[in-house]
There are 2 protein chains.
Amino acid sequence: MLQLYSYFRSSAAYRVRIALKLKGLPYSYVPVHLLKDGGQQHSSEYQRVNPAALVPTLVDGDHALGQSLAIIEYLDETHPEPALLPRDALGRARVRGLAQSVACEIHPLNNLRVLQYLENDLKVDESIKATWYRHWITLGFTAIETLLVNNPATGAFCHGNTPGLADCCLIPQIANSRRFNTPLDAFPTIRRIEEACLTLDAFAKAAPQLQPDAC
Amino acid sequence: MLQLYSYFRSSAAYRVRIALKLKGLPYSYVPVHLLKDGGQQHSSEYQRVNPAALVPTLVDGDHALGQSLAIIEYLDETHPEPALLPRDALGRARVRGLAQSVACEIHPLNNLRVLQYLENDLKVDESIKATWYRHWITLGFTAIETLLVNNPATGAFCHGNTPGLADCCLIPQIANSRRFNTPLDAFPTIRRIEEACLTLDAFAKAAPQLQPDAC
């Protein structure tokens, strides 16, 4: 059975949980607590599985895969139905571009180790950290909203009327933005897509608060 | 003909230039100066092409595509030879994971707008900014070196003996690290792959200093 090393609050792990559930793939959940014991991701045991000391890791047989987007594409290639990417090259580029607009432009600036660096090395206070956090979300969501609202390929979901890779990335990022009280009024299309996703079991069941390690 | 909106020093644009040259695809180069005029990427004209105000953008006919990794996969799907991704799902996951180890873990923390935020909003001085820059490269390269050295799939290049998506990401990141005097002694495999890449015309000709807007 597939194994997913995850932390309930990691939005990168959340993306993969959604994909696994959209595909209907069973998996065992291996919790990696990013705060306990100085961060369990830094243990030598975990770094044998994932040298980057990041979650998620997907283990399939003898193979340990890192990087959430690479994992989701792997799942899509090895379990093609339901497809998480469209069939046409332009559509695929659009969906990957939207996913990367979250995964390369927003999330990397707001993940735990960056917030820790801001706090411990740059000595910034909570309010400056929160401003930083919201700044990158607002900038990124402004671009994504424009990409969504101006393109007829946008449907009930980011691309057409079935959920896919872009939605797997967008929903965890929205959850993070709510956690840090980021105003979302300027992003009606993003909020509409969130609403559509959250009616689906796959998205609802992948939510942080429902994971075995939630606290 | 394909059009590439690029800035000579943008490492994300550099990735796409390498891919275009590996594929032997002609393209016209449209310079977007990220510093002149308060940043030409912020012009309303450019934001009609790329709402994220980021380079690169690839224009193919009526379609403008953002996000370098999505662009390279698009080129690989529309012009399959030479392939930039292996054929097997595990190999593809590995190559994408390596590419994302650069594109999601290192580069987003060190791109221009982040450095500008550190300087203008957090008021950090040059030396703290340089420490920040090198910190994320060193952390990321430490993980990538381990992923490369411990895996028999590594060849003359990141994956086997032909250059691909991971190399397209790694070489520009090494160029950036040299620009900021980041020690690379601890990364012999990364340096060996760089050497192999730079013997190839595609990598050599995509280098920042050879672009029409270099200064």
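## Around B:Asn50

B:Asn50 touches B:Thr57, B:Ala64 and B:Gly66, leaving aside residues up to four places away in sequence; two residues are in contact if their C-beta atoms, placed from the backbone, lie within 7 Å. You'll find B:Asn50 in the loop between helix H2 (44–49) and strand S3 (57–60) of chain B. Helices (H or I, at least four residues) and strands (E, at least two) are DSSP runs, numbered from the N terminus.

With 24 C-beta neighbours inside 10 Å, B:Asn50 counts as buried. The cut-offs: a residue is buried if 20 or more other C-beta atoms lie within 10 Å of its own, exposed if 12 or fewer, and partly exposed in between, with C-beta atoms placed from the backbone. B:Leu65 sits 15 residues away from B:Asn50 along the chain, and their C-alpha atoms are 7.8 Å apart.

## What kind of model this is

This is a predicted model, where local features need pLDDT of at least 70 and side-chain atom pairs count only at pLDDT 80 or more, while totals for chains, interfaces and linings use all residues. Residues are numbered from 1 along each chain as its sequence is written, and chains are lettered from A and ligands numbered from 1 in the order in which they are written.

As for confidence, chain A has a mean pLDDT of 97, and 100% of its residues reach 70 or more; pLDDT is the predictor's confidence in each residue, from 0 to 100. For the complex, the predictor gives an ipTM of 0.98 and a pTM of 0.98.

## Chain A overall

Chain A has 10 helices and four strands. Read from the N terminus, its elements go β-α-β-α-β-β-α-α-α-α-α-α-α-α. The radius of gyration of chain A is 17 Å, close to the 17 Å that the globule rule gives for 215 residues, so chain A is as compact as a globular protein of that length. That radius is taken over C-alpha atoms, and the globule rule is 2.2 Å times the number of residues to the power 0.38.

Along the principal axes, the C-alpha atoms of chain A fill a box of roughly 50 × 45 × 30 Å. Buried residues make up 47% of the 215 residues in chain A. Take the contacts in chain A between residues at least 6 apart in sequence: 69% of them join residues at least 24 apart.

Where they meet, 12 residues of domain 1 of chain A are in contact with 16 residues of domain 2 of chain A.

On the domain 1 side, the elements giving two or more residues are helix H1 (11–23) and helix H3 (68–78) of chain A. H1(A) supplies the largest share, eight residues. By class, this side has nine nonpolar, one polar and two charged residues. Here Ala, Val, Leu, Ile, Met, Phe, Trp, Tyr, Cys and Pro count as nonpolar, Asp, Glu, Lys and Arg as charged, and the others, Gly among them, as polar.

## How the two chains meet

Chain B can be laid on chain A with an RMSD of 0.0 Å by a turn of 180° and a shift of 0.0 Å along the axis. That is the relation of a two-fold axis. The superposition is by least squares on the C-alpha atoms of residues with pLDDT of at least 70 in both copies. Of the residues of chain B, B:Cys104 comes closest to the rotation axis, at 2.4 Å (C-alpha).

The contact takes 32 residues from chain B and 32 residues from chain A. On the chain B side, the elements that give two or more residues are strand S4 (63–66), helix H3 (68–78), helix H4 (89–103), helix H5 (107–110) and helix H7 (126–149). H4(B) gives the most, with nine residues. The chain B side divides into 19 nonpolar, eight polar and five charged residues. Because 100% of the interface residues of chain B are also interface residues in chain A, the copies meet through the same surface.

A cis peptide bond joins A:Glu81 and A:Pro82, with omega about -15°. A:Pro82 lies in the loop between H3 and helix H4 (89–103) of chain A.

A:Ala53 has a positive phi of about 60° although it is not a glycine, and with 20 C-beta neighbours inside 10 Å it counts as buried. B:Lys123 also isn't a glycine, and its phi is positive, near 55°. B:Lys123 is exposed, with 8 other C-beta atoms within 10 Å.
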